[in-house]
Amino acid sequence: MKIFNNYIKLLNIILVLFFVFCFFYFDNQVKIINQRKEGQIVSQSNIDKTLNNLNMNPTINKAALDAYAQSDNTNEEILFRVETELGIDMISTTKQWNEEKLLELYDELLKNKHGDEINSLYQIWVYGNSSPTALGTHIRESKNFEFYFDFPALNPNAKILYPQDIGIITLYDGDTNTSVKSMANTLSHEYGHHYTFTYMFNNKEGYQKYAQLRGLSSQAILDNELNDETYYIKNHHWYLIEIAADDYVQLMGSANAKNVVNYIDIEKALVQKIDRNFNESYNAIPQENMMIPLAYEIDGLQEYYYEFINSNQYSYFPADYVAINLEIEKQVRSYQSSTGELRFDNFKITWNNAYPNLDVTYTLIGYDENNYYIYPIKTVKSNQDCYAYVGTYSFQGTEYIHWLQDEFDEGKKTFVVTALFPNGTIRKSNPLVVQFKEGNNE
């Protein structure tokens, strides 16, 4: 009897192998039922892709995982959950993101350029709380899926297991960011990780090719320094995987991911008594690392990104290159007050209007390379005067002396102007590096 049972087991194995052979090579219509989505027909093309990529090992960014774990949001209760047409689970732990809004977020996801890689996106989570280290995260891991066969010659419990690399996107601060537009840029960036991990960073050669094309081969791109959490957070803008995700947003991101903010400098804020807005935007911070060229400024990069999905939906600059150059002038203003003389220093930064006949949006930003942080300063249109003030702006009122200081005129600073064209392409000026003296105001 034992020998007979072994023969039966062997026969079952042979039948399973025979069935798989028939399914893939003779295109029979045997129904495959995914245990995760009971009753859904799993497409043959998706299984083919999975079987062809069994040797692809997912890249594990341990530092990012550690930073993700710090948020401790994973204990939040699931309040809303929707499964989309593509099988992506949209999950919310906040009342601000119900089923209807999760589906709107899913529609926004689809507006980012994508190909078959979207089939391996498993879940998108929206947490109500914020994270101390990130606006969002992307985790790529391998998951085993079970498939059962509806085939008369097989045991009803016959199944196969196969691993698939899947992506999970997490978006934080859902209690504050309550609109799709407010989540769009982070969603696009995190999907950029999914896209680039799928096509570009599944092997060492992929890293090398992208780094060479991006012109970063000889720089400290840190693609192998993934285990030190503190180092990762401090040098986040130099990680190759982060630069690639920012490139995705620029080259393939949705319109909502490229939000525009109108920034004002200290002059306008003081004179018109308007609070300054320092929120991130596409026109001020198209990429976290503003010390390297923007994605559209790299020849061949756009074509490289689109070749993975066999698309040529490129966007090119609508005008030939014209250099944007910045100049700075120190201005001193003195006033007599009841306590004596008051003196305030401001610095006027000007730049040439390189594209006066186009509807271009210029934005002046500044940053400190050592303690890296980007400060949006002022936005102007191509029909306006191209200047901005930093330092301390002041004027004499009818009764009082008014002044406003931004404290940006200390130490070594770098200033750059971005030029955003109507079709979403963007380039930047030559940098202006200024070494300010300490204590400019007396």
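Is Phe 201 buried or exposed? With a relative accessibility of 1%, Phe 201 counts as buried. I start there as a way into the structure. One caution before going on: this is a predicted model.

Let me stay with the aromatic residues. Searching the whole structure gives 29 aromatic pairs. One of them joins Phe 197 and Phe 201: the ring centres are 6.2 Å apart and the planes stand at 70°, so this pair is edge-to-face. Phe 197 is also buried, at 6% relative accessibility. Both rings belong to one aromatic cluster, which includes Tyr 191, Tyr 195, Tyr 199, Tyr 207 and Tyr 210. Also in that cluster are Tyr 248, Tyr 304, Tyr 305 and Phe 308.

Next, a helix. H8 runs over residues 240-252, which makes 13 residues. From first C-alpha to last, H8 reaches 18 Å, close to the 18 Å expected at 1.5 Å a residue. How many of the residues of H8 are buried? The count is 13 of the 13, so H8 is largely enclosed by the rest of the structure.

Asp 247 pairs with Arg 214, and the closest N and O atoms are 2.8 Å apart. Arg 214 sits in helix H6, residues 204-214, while Asp 247 is in H8; the pair links distant parts of the chain, 33 residues apart. Arg 214 and Asp 247 are both buried.

In general, side chains of opposite charge can pair when their charged atoms come close. How many salt bridges does a search of the whole structure find? It finds five.

Arg 343 and Asp 345 form another salt bridge, with 3.6 Å between the closest N and O atoms. The two residues can be set side by side. Arg 343 counts as partly exposed, at 25% relative accessibility, whereas Asp 345 counts as buried, at 0%. Lys 330 joins them, and Lys 330, Arg 343 and Asp 345 are linked in a network of salt bridges.

A further salt bridge runs between Asp 359 and Lys 381, where the closest N and O atoms are 3.1 Å apart. Asp 359 lies in the loop between S8 and S9 and Lys 381 lies in strand S10, residues 374-381, so the pair ties together parts 22 residues apart in sequence. Asp 359 is partly exposed, with 48% relative accessibility. Lys 381 is partly exposed too, with a relative accessible area of 28%.

Now a charged residue without such a partner. Lys 413 is in strand S13, residues 412-420. Lys 413 is buried yet has no salt bridge. Which side chain of opposite charge is nearest to Lys 413? That is Asp 368, at 4.4 Å. What the side chain of Lys 413 does reach is the backbone oxygen of Glu 410, at 2.2 Å. Beyond its neighbours within four places in sequence, Lys 413 is in contact with Tyr 367, Asp 368, Phe 408 and Leu 432, as well as Val 433, Val 434 and Phe 436.

The next stop is Asn 352, in the loop between strand S8 (340-351) and strand S9 (361-367). Asn 352 is partly exposed, at 31% relative accessibility. Its side chain reaches the backbone nitrogen of Asn 325 at 2.8 Å. Leaving out residues up to four places away in sequence, Asn 352 touches Ala 323, Ile 324 and Asn 325.

I finish with two backbone angles. Most residues other than glycine have a negative phi. Asp 173 has a positive phi of about 65° although it is not a glycine. Asp 173 is in the loop between strand S6 (159-171) and helix H5 (180-199). With a relative accessible area of 22%, Asp 173 is partly exposed.

Lys 273 also has a positive phi, near 55°. Where does Lys 273 lie? It is in the loop between helix H9 (266-271) and helix H10 (301-307). Lys 273 is exposed, with a relative accessible area of 73%.

Technical notes
Residues are numbered from 1 along each chain as its sequence is written. This is a predicted model: local features need pLDDT of at least 70, side-chain atom pairs count only at pLDDT 80 or more; totals for chains, interfaces and linings use all residues. Side-chain values use heavy atoms; hydrogens and water are left out. Helices (H or I, at least four residues) and strands (E, at least two) are DSSP runs, numbered from the N terminus. The expected span of a helix is 1.5 Å times one less than its number of residues. Buried means under 20% relative accessible area, exposed over 50%, partly exposed in between (1.4 Å probe, protein chains only). Lys and Arg count as positive and Asp and Glu as negative; His and the chain ends are not counted. A salt bridge is a side-chain nitrogen of Lys or Arg within 4 Å of a carboxyl oxygen of Asp or Glu. A polar contact is a pair of N or O atoms within 3.5 Å; within protein, one must be able to donate a hydrogen and the other to accept it, and residues adjacent in sequence count only if both atoms are side-chain atoms. Contact means heavy atoms within 4.5 Å. Rings of Phe, Tyr and Trp (its six-membered ring) pair if their centres lie within 6.5 Å; planes under 30 degrees apart count as stacked, over 60 as edge-to-face and the rest as tilted.
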